[in-house]
Amino acid sequence: MPFASQSPRRRVFSASLALGLAAMAGLAPLAAQADEKYPSRPITLVVPFPPGGSVDIMARQYSEPLSKVLGVPIVVENRAGAGGSVGALYVARAKPDGYTLVVSSQSSHLANPLTQPKVGYDPVKDFENIAILGRQPNALVVHSSLPFKTFAEFVAYAKKNPGKLNYGSGGVGSMGQLNVEMFKAATGAFTTHIPYRGGTPLITAVLANEVQFILDNLVIMLPHVQAGKVRALAVAADQRLPQLPDVPTMAEVGYPELNLTSWTGLAAPGGTPDAVVQTLYKAVRQVATSPAMVANLKDRGVIVPEEMAPAAFEKMMSDRLVKFGEVVRKAGITAE
């Protein structure tokens with residue numbers, strides 16, 4: 001499925017801060033200055049995954065404080081299926097009025113469009129990609145019983161023993177697979193893919209040493225790393241993480257091209273008015289920079305999102321579609 005790079009869309013800011021503080025969160029309500037006040041009724045926030053996962057948790061952490069800032073209820077609705085494609089497609093086809101939004105991720109807005117031939121939506125053209133809610137560092141994690149103490153030892157073994165190491169992912173075409181295929185291309189290592197149906201069975205497999213390693217979202221494995229059940233050899237992040245100060249970044253071990261964090265974002269249907277997009281963007285930034293949210297994200301191992309305007313967000317997405325598109329093409333990956 002082709003993805004043409006878009007020129008940054010011009011966003012016209014037309015939001016104003018109302019006076020006073022919202023109860024509990026200490027966040028000031030926002031309202032768009034338009035012909036019709038936005039928002040004036042409840043907003044549906046679609047999570048394209050089942051309850052309890054990392055995307056769902058992020059949505060629920062943001063929904064209450066965003067509701068206070070915007071001054072209307074935000075209803076979280078789970079529409080799971082096809083690795084996030086069902087919920088994403090639902091929002092892509094929704095009325096572009098700002099009342100139906102989706103919590104986007106690299107699964108729904110990168111991996112799926114690249115590996116599912118009939119996904120039914122373009123992650124850039126069919127959405128207004130508004131803001132990043134959080135960045136999740138990826139990590140190369142091995143079972144604690146394995147002898148590898150460093151990333152270099154692991155790579156050396158994988159290159160000398162092609163096919164002896166198995167890696168797991170949340171499914172064919174998942175970001176976990178794409179991350180490892182990029183790792184293989186960068187290092188020249190050869191490892192065997194064992195796909196699982198989702199994150200929960202993947203975690204079980206890693207802890208049971210059914211697969212020897214993963215290169216995936218650290219958030220799902222951080223408690224097990226801290227408990228000593230698995231070992232992190234390198235993290236994909238701009239700098240070392242406070243939770244794992246002894247674990248080097250991918251750049252430090254010699255592979256800066258692997259230093260790509262995952263992201264979770266907020267998106268609206270394509271064609272949503274600029275004033276609405278900017279109102280939502282300002283609301284997200286107000287919540288994301290509040291002391292409570294900063295502390296919450298850091299506690300969970302999530303990197304607090306930097307300020308990135310909608311046009312810059314879409315540019316980043318377009319660049320990654322090109323980068324990972326090449327990985328998918330070379331590896332011949334097609335989702336089931």
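A cavity is, on a 1 Å grid over the protein atoms alone, a set of points where a 1.4 Å probe fits but cannot get out, and lining residues have an atom within 4 Å of a point. Grid points are joined across faces, edges and corners, and a volume is the space filled by probe spheres set on the points. This is a predicted model, in which local features need pLDDT of at least 70, side-chain atom pairs count only at pLDDT 80 or more, and totals for chains, interfaces and linings use all residues. Residues are numbered from 1 along each chain as its sequence is written, and side-chain values use heavy atoms, with hydrogens and water left out.

**View 1. The largest cavity.** About 70 Å³ of space lies in the largest cavity, and the whole structure has four cavities of 30 Å³ or more. Among the residues that line the largest cavity are Asn 138, Met 182 and Phe 324.

**View 2. The open sheet.** Five strands form an open sheet in the order S4-S3-S5-S12-S6, with mixed pairing; strands are DSSP runs (E, at least two residues), numbered from the N terminus, and two of them pair if DSSP finds at least two bridges between them. Strand S4 (74–78) and strand S6 (127–136) are the edge strands, each pairing on one side only.

**View 3. Strands S3 and S5.** Strand S3 (residues 43–47) and strand S5 (residues 100–105) run parallel and are joined by three bridges. Leu 45 stands opposite Leu 101 in S5.

Notes. On a 1 Å grid over the protein atoms alone, a cavity is a set of points where a 1.4 Å probe fits but cannot get out, and a pocket is an open set with protein on both sides within 12 Å along at least five of seven lines; lining residues have an atom within 4 Å of a point. Helices (H or I, at least four residues) and strands (E, at least two) are DSSP runs, numbered from the N terminus.
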